[in-house]
Amino acid sequence: VEDKLISLPILGTAINAAKKKAQEELNRAAYKRALTGTGIDASKLPVGPEGIFKLKETLSNAYKELWPKVTFKRDAQFNKSLDELKKGAIGLTDSKLNVFNRVIKDLDKKISPNGSMLGETYQVAEKDIAKLAANYLASGGSDRVLGTALKQLQNLMRQQLERINPKNAKELAQARKNWAHYEILNKAGSAAGDQAEHGFTAAQLANAVRT
């Protein structure tokens, strides 16, 4: 009924304006969820492509401030969990097992002789593993098995980072949750396109969540 009424003079203009306002409110409500704990007022951000860019910029800056505060360290508990993960990866084909072992060796190279790694270095290492895991998970067969093993390695690293940095554990968890929300909103924004000055629609957001 509402869509049919849009074609009417005056009334249609009012309905269109109200729908656009509601769409902008939806976008800012979604921004607010992604900005939890940052202290940034979502109502101050624009909507549309510029809003998505500002959101990414804000969350990236939050991560930049966080990484110098934390340090990654290997200890007995982490080594035990890593050994268990390696045993579980034995079911991989030889070529895939070689890839998995090479990833762990590359990780070890980034760790100093005293067993620690700066937060900034950790960020790069985890990002590389996450990207590799995603690529293999997107394939089929034994590739997905390797992708799952790499994803487990990434989760193990995250758990370790939070465990040995208890003062920043909540901040780390919230930053990851915020970024996960951003990725959904970015996908919804991409579906809306560059011309969507009022942001993404509810349907586009729902599709991004399902994806």
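Arginine 176 and glutamate 162 join their side chains in a salt bridge, at 2.7 Å from N to O. The model is predicted. Arginine 176 belongs to helix H8 (residues 169-192) and glutamate 162 to helix H7, so the bridge ties together parts that are 14 residues apart in sequence.

The two partners fall into separate accessibility classes. Arginine 176 has 13% relative accessibility and counts as buried. Glutamate 162 has a relative accessible area of 25% and is partly exposed.

## Two further salt bridges of H7

The structure holds six salt bridges. Another of them pairs lysine 96 with aspartate 143, whose side chains meet at 3.2 Å, N to O. Lysine 96 sits in helix H5 (residues 94-110) and aspartate 143 in helix H7, so this pair links parts that are 47 residues apart in sequence. Lysine 96 is buried, because its relative accessibility of 16% is under the 20% limit. Aspartate 143 is buried too, with a relative accessible area of 19%.

Arginine 158 and glutamate 126 form a salt bridge as well, with 2.8 Å from N to O. Here arginine 158 comes from helix H7 and glutamate 126 from helix H6, so the bridge ties together parts that are 32 residues apart in sequence. Arginine 158 counts as partly exposed at 26% relative accessibility. Glutamate 126 counts as buried at 8%.

## How H6 packs on H7

Two packed helices are described by the angle between their axes and the distance between the axes. For helix H6 (residues 119-137) and helix H7 (residues 142-164), the axes come within 7 Å and cross at roughly 155°. H6 is therefore roughly antiparallel to H7, since the cut-off for that class is an angle over 145 degrees. The crossing of H6 with H7 is left-handed.

On the H6 side, the contact is made by Tyr122, Glu126, Ile129, Ala130, Leu132, Ala133, Tyr136 and Leu137. On the H7 side, the residues include Asp143, Arg144, Leu146, Gly147, Thr148 and Leu150. Further along H7, Lys151, Leu153, Gln154, Met157, Arg158 and Leu161 also take part. By class, the contact of H6 with H7 has twelve nonpolar residues, three polar ones and five charged ones.

Glu126 and Arg158 are both among the contact residues, and their side chains form the salt bridge at 2.8 Å, N to O. Asp143 is also part of the contact, while its side chain meets that of lysine 96 in a salt bridge.

## Exposed positions

Lysine 131 also lies in helix H6. This residue is exposed, with a relative accessible area of 60%, because the exposed class begins over 50%. From lysine 131 to glutamate 65, the C-alpha separation is 23 Å, and the two residues are 66 residues apart along the chain.

Isoleucine 90 is in the loop between helix H4 (76-88) and H5. Its relative accessible area is 58%, so isoleucine 90 is exposed. Isoleucine 90 and phenylalanine 100 are ten residues apart in sequence, and their C-alpha atoms are 10.0 Å apart in space.

Conventions
Residues are numbered from 1 along each chain as its sequence is written. This is a predicted model: local features need pLDDT of at least 70, side-chain atom pairs count only at pLDDT 80 or more; totals for chains, interfaces and linings use all residues. Side-chain values use heavy atoms; hydrogens and water are left out. Axes are lines fitted to C-alpha atoms, for helices over the stretch in contact, and angles run from 0 to 180 degrees between N-to-C directions. Helices (H or I, at least four residues) and strands (E, at least two) are DSSP runs, numbered from the N terminus. Angles under 35 degrees count as roughly parallel, over 145 as roughly antiparallel, 65 to 115 as roughly perpendicular and the rest as oblique. A crossing is left-handed if the near helix is turned anticlockwise from the far one by less than a right angle, and right-handed if clockwise. Contact means heavy atoms within 4.5 Å. Ala, Val, Leu, Ile, Met, Phe, Trp, Tyr, Cys and Pro count as nonpolar, Asp, Glu, Lys and Arg as charged, and the others, Gly among them, as polar. Buried means under 20% relative accessible area, exposed over 50%, partly exposed in between (1.4 Å probe, protein chains only). A salt bridge is a side-chain nitrogen of Lys or Arg within 4 Å of a carboxyl oxygen of Asp or Glu.
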